[in-house]
Structures are given as C-alpha cells and as structure tokens.
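Work through the following exercises with the sequence and the coordinates at hand.

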Protein chains: 2
Amino acid sequence: MNKPLILITNDDGITSPGIKVLVETMERIGEVVVVAPDSPQSGMGHAITIGEVLRVKEEVHLFGDVEAFSCSGTPADCVKIAKAEVLKGRNIDLVVSGINHGANTSISVLYSGTMSAAIEGAIEGIPSIGFSLCEFGWDSDFSHVVRYVERIARKVLENGLPKDITLNVNFPVKQEEPIRGIKVCRQGRAVWQEEFDKRTDPMGRNYYWMAGQFNNQDTGEDNDVWAIENNYVAVVPTQFDLSAYKAIDLLKTWEL
Amino acid sequence: MNKPLILITNDDGITSPGIKVLVETMERIGEVVVVAPDSPQSGMGHAITIGEVLRVKEEVHLFGDVEAFSCSGTPADCVKIAKAEVLKGRNIDLVVSGINHGANTSISVLYSGTMSAAIEGAIEGIPSIGFSLCEFGWDSDFSHVVRYVERIARKVLENGLPKDITLNVNFPVKQEEPIRGIKVCRQGRAVWQEEFDKRTDPMGRNYYWMAGQFNNQDTGEDNDVWAIENNYVAVVPTQFDLSAYKAIDLLKTWEL
C-alpha cells in the first residue's frame, strides 16, 4: 500500500515548536507536506483572506527532507491553497493541524485557527484532526503527547471519520503522573470573561488590551474541560453544521 | 416599559449602507448604540484580536442622534468591547449584526464576520440576530427587507431565543415579485470550490488571488440555499456547540 499523504498546518506559524513535533510524528506514518502560516495566527477563527493577495514560499531547510511551504494567509487559507495549488491533483489522506500552543477546549474552538484549519479539511471531505496542548509558551514539553498523536492519527487513517466531522484533540500539561487515557466527550460550556486594560499612548490617545478569564459554566463530567482538568486527553467530534435542529420547530410556531 | 437597548454591529464597516438601514429600522424599536468595525472585515470568521491593541472612536455624525463608535477590531471584538466597556454595567436586550452585503447562507456562516458577531452575542447570553442580503455591492436595494428585519427583531424581543442559539437571517435580492414569506430552516450543505489566480508581481515574485465558486451539494428543500433561491427569507437557528453528539458513541467503540 502507498504511504498516506498527510497535510500539516497550524496557527502558531511554521516555525513553532508544536508543528515540528507534529511533523516528526507524522513522518513515521506517511508522506508529509507542510503548508503553514508564515506568522502567528492565533485567534483567527475561521478567517479567510478576501481582498488581499496570498504568497506561498517554499521553506527548504525547516524540516529536513520534508516538503514545506509558508503562506501569508490564515490557517483556513493554508488548507485551501494546499489542496487547490500546492498538492493540486493529489489525494490528501489526512489533514492534521497543530500541535497548538494553548488550549482549544470548550468555546475556544470557535476562536481557534488550529481547529478552523481542521474544519476546513473536513469541509473539503478529508479526514482531519486538530491537536492542542493546554499550555502556552514556546518551551512546552510535548514528550507525553507524542504517542497519543500517533495513535489517534493512525486510528483515523484506519477507520476514516464520519462525514462532515473532524476531531478536536486537547492534551493536558505534563504532570508527574502519566496521562490517564483518552475521553471521547462533548464541548464544554464556558465563556471568556473579557477585561479591557485601558491605556494612553504617548500621543494622548486611548487604546485597549483585551484580556480575559476563562469562566467554566459546565458542571458535567462528559466534557473536554473536565477531561483536561482530570489529566485525560479530550477528543471532541466536531461538526460545521451549526443548525440548531431542536429550535426549528419552536421557531415555526412563532408565525413569523 | 423602558425602551430595549439594542447593540448594532456588522462586518462591512461602520460606513456601509447596510448598517445604516439597520440603524434606521432599530430606532423604531428601541434605544440604539452602534459599535462597528472602522474598516471592512468580511471573511474574518470568528477572529478576535490577540497581540494587538484595540482603538475605539466615537463617531458623532454618522447616524444623527444615535450613539456610535468605530472600533479597530473584528466584529467579535466589537461585541466584546461594547459589552465590557462602551455599555459597561448596562443590560443589552438585543444584538443585531448587518445588514451584510452578501449571502451568509450555508457554509458561509463559518467565514462570516456578521454571524460571528451575532454568535458572540449569544455566547454572552444576549438574544442576537445576524441579517444578510444575498447580494454584494454598495448600491443594493434594501427596501424589500426592512419590514422583515423589524418583524423578526420585535419577535425576538417579545419571545426571547432558546439558550445558546442565535438567528442567521438571509434575504433574497429584490425581485419583481414580493418576497414569498419566511422559511425557518437548516443550514444547507455546500462548499466553496476555490480557484487560485496565480500572477507575477513587478519584482518577479508569484502571488495568488483566491476566488471561488459556490458549489451547492444539497438537494433538500428545507435549507437556506433553497429558501433564498425560491424568494423566501431564510431563518436558520444557529448554535455554537459544535459537538457532533451522534459521533461520540461511535468513537468510543474505537478503543483509543
């Protein structure tokens, strides 16, 4: 059997440590091509580039022998241009995005460039996975998650994924005890409670830094926030059909 | 009863014709405050501003007596800063976003700044609606949609919305025959088929323009694309819980 073709992207940019770990892990499984943003794109959500041009540059020394390209666009752009141009005519077997530096559990899935790239893969009909480590910082330790990344990617290649569904995989920070296992679960209910830090620039004009606290509103144990807090890998099957089916009948009674 | 407080935003920018129509319509219903991007933000999806500062500027002449502020951030940022700073301590009764110049039916809901602002409102627990006209262009005719905008907004204020659900409302382009009514429906299944137009700049370097065809893959009649094609207003109740519940049990059988 031919080696599977694996497209790798992320939102922290092509030089992040997390994508390097992902490339090294995927090389054990298949043929790897990287198309990732040339600069950090955290919080870009499902943004795409409209009204601006895109640049794509081959990066020949970043990952040894692995074909790699940086792109001036968003994570979703990277998947689109990888499919339509960089890998034109080739069949992509798997899209993996990450490993993100920072959690994409719960409501953060909406703001996440990492997950938007994975969702974009699913829209294109390709089995796709987003991986995130629940810790910021460029010096994070990824050693405890590598075996899980490999296992989950192999399972997806083996089994495929249901139509229009991608996986949102979050890993707990490394602790003294090993990870307790994998929990397949739902997206937790939480909100970012914003605080805006108002300052004055040297010209006397006001500006704001957005900061926030993660406010968990979920008391269940079957969600990704709980899983991470309890040292499990959280796997949330994630869809891009946002229809609230349960509300359709209710709204029909409104006689709009 | 006090007049309801209505926050208006959009993604085409505070000077777009569509937001002006929305302001004029909402003034008939309640007290209006506008916090909208200072420049076009189409395709920004649910992006938020991280690592950059935000500016907010009062715009005193844009909408007559209506309080209005332009913001340097994304549509989602606008809702966050409106709630946390501009309208701090006040209870917002309704968030309305739009009227967008261009369709946000089907898969476009994911890329839409208009809808991300509405979803952000729902995350904050505020009844929220995104309105879009299925036509680009600054000279679009909105005259046929005004009564529907008003009717839907009044209904939402009257009935509230189910928890964690926002409305994605799309209007057909003005036709000779009047709009046939409102269809409450689901998000259609479609994909943007990208084509990248490769060009060479004066320095000899390549760049790309992303373009695409909307490829409808849905044969049903209960979805927003069908509704628009048949001259109905499409109302899709839209949620931000992306969990694919039906897939959870399947994935548990994988023994990850």
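**Exercise 1. Determine how many salt bridges there are between chain B and chain A, and describe one of them.**

Solution. Start from the criterion, in which a salt bridge is a side-chain nitrogen of Lys or Arg within 4 Å of a carboxyl oxygen of Asp or Glu. Applied between chain B and chain A, this criterion gives 6 salt bridges. One of them joins the side chains of B:Lys80 and A:Glu194, with an N to O distance of 2.6 Å.

The model is predicted, and local features need pLDDT of at least 70, side-chain atom pairs count only at pLDDT 80 or more, whereas totals for chains, interfaces and linings use all residues. Residues are numbered from 1 along each chain as its sequence is written, chains are lettered from A and ligands numbered from 1 in the order in which they are written, and side-chain values use heavy atoms, with hydrogens and water left out.

**Exercise 2. Characterise the interface of chain B and chain A by its residues and its buried area.**

Solution. First take the residues in contact (heavy atoms within 4.5 Å): chain B contributes 76 residues and chain A contributes 76 residues. Next take the buried area, which is the accessible area (1.4 Å probe) that two parts lose on being put together, summed over both; here it is about 6900 Å², with 66% of it on carbon and sulfur atoms. On the side of chain B, the most area is lost by B:Leu242, B:Trp254 and B:Leu256, which together account for 12% of what that side buries.

Then count polar contacts, defined as pairs of N or O atoms within 3.5 Å, where within protein one must be able to donate a hydrogen and the other to accept it, and residues adjacent in sequence count only if both atoms are side-chain atoms. Across this interface 30 residue pairs are in polar contact, both residues being at pLDDT 80 or more. Helix α7 (residues 245-252) of chain B supplies 6 residues, the largest share of the side of chain B that touches chain A. Helices (H or I, at least four residues) and strands (E, at least two) are DSSP runs, numbered from the N terminus.

**Exercise 3. Explain why the pair A:Phe196 and A:Tyr208 is classed as it is, and what it ties together.**

Solution. Rings of Phe, Tyr and Trp (its six-membered ring) pair if their centres lie within 6.5 Å, and planes under 30 degrees apart count as stacked, over 60 as edge-to-face and the rest as tilted. Over all chains this rule gives 8 aromatic pairs. For A:Phe196 and A:Tyr208 the centres are 6.2 Å apart and the planes stand at 90 degrees, so the pair is edge-to-face. Since A:Phe196 lies in strand β9 (residues 190-200) and A:Tyr208 in strand β10 (residues 206-216) of chain A, the pair ties together parts that are 12 residues apart in sequence.
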